[in-house]
Amino acid sequence: SYSNLGVCFNDKGKNKTALIFFQKSMEIRVKTLGPDHPDLGSSYNNIGITYKSLGEYDKSIEFFQKALEIRKKVLGLEHPEISRLYNNIGVIYASKGKYDKALEIYKKALNIRLISLGPEHLEVGRLYNNIGNSYDEKGEYDKSIEFTQKALYILRKTLGPNHPDVG
């Protein structure tokens, strides 16, 4: 399928080619399924990831937001996928140097992950790392340390002390 080819080209680092395939997949899905079908959430997410890889952050946010709106309708507000999309949006804001906005979005993601996955889930730990990094970039080192220590605790517990993500 066009979408699978897009994934393959993204994996190869051929992001512009991947974007062509993702857009073709999206066009077919819109035409055949309608603009609010759940499958479009995947198309929009893939396009958002690709624009992020290309450094086109505003376009990336636009497509992540489209995916988020569809997924909220289909999955509800507390599904882990909603958290994943918020995290993706937060990463983009952090990449743009908009750390306050990134933190605002990360905290939405965190609330969902705590409810849906529990306080010691690996994905909660990874999100704590993102929060810690944003506080570090803002120069709020005590908050950065607080969240990074939480992340380290969870990562060690879930991955083991010698996993590369712990290092």
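**Exercise 1.** Is the crossing of helix 6 and helix 7 left-handed or right-handed? Describe how the two helices are placed.

*Solution.* The model is predicted: local features need pLDDT of at least 70, side-chain atom pairs count only at pLDDT 80 or more, and totals for chains, interfaces and linings use all residues. Residues are numbered from 1 along each chain as its sequence is written, and side-chain values use heavy atoms, without hydrogens and water.

Step 1. Helices are DSSP runs (H or I, at least four residues), numbered from the N terminus.

Step 2. The crossing is left-handed: the near helix is turned anticlockwise from the far one by less than a right angle.

**Exercise 2.** Which residues have the most contacts inside the largest nonpolar core?

*Solution.* Step 1. A nonpolar core is a set of buried Ala, Val, Leu, Ile, Met, Phe, Trp, Tyr and Cys residues joined through side-chain atoms within 4.5 Å; buried means under 20% relative accessible area (1.4 Å probe, protein chains only).

Step 1. The largest such core has 36 residues, and Tyr44, Ile47, Tyr86, Tyr128 and Ile131 have the most contacts inside it.

Step 2. Helix 6 and helix 7 are among the helices that each supply at least two residues of this core.

**Exercise 3.** Where does Gly139 lie?

*Solution.* Gly139 is in the loop between helix 7 and helix 8. The C-alpha atoms of Gly139 and Glu120 are separated by 27 Å.

Notes
Buried means under 20% relative accessible area, exposed over 50%, partly exposed in between (1.4 Å probe, protein chains only).
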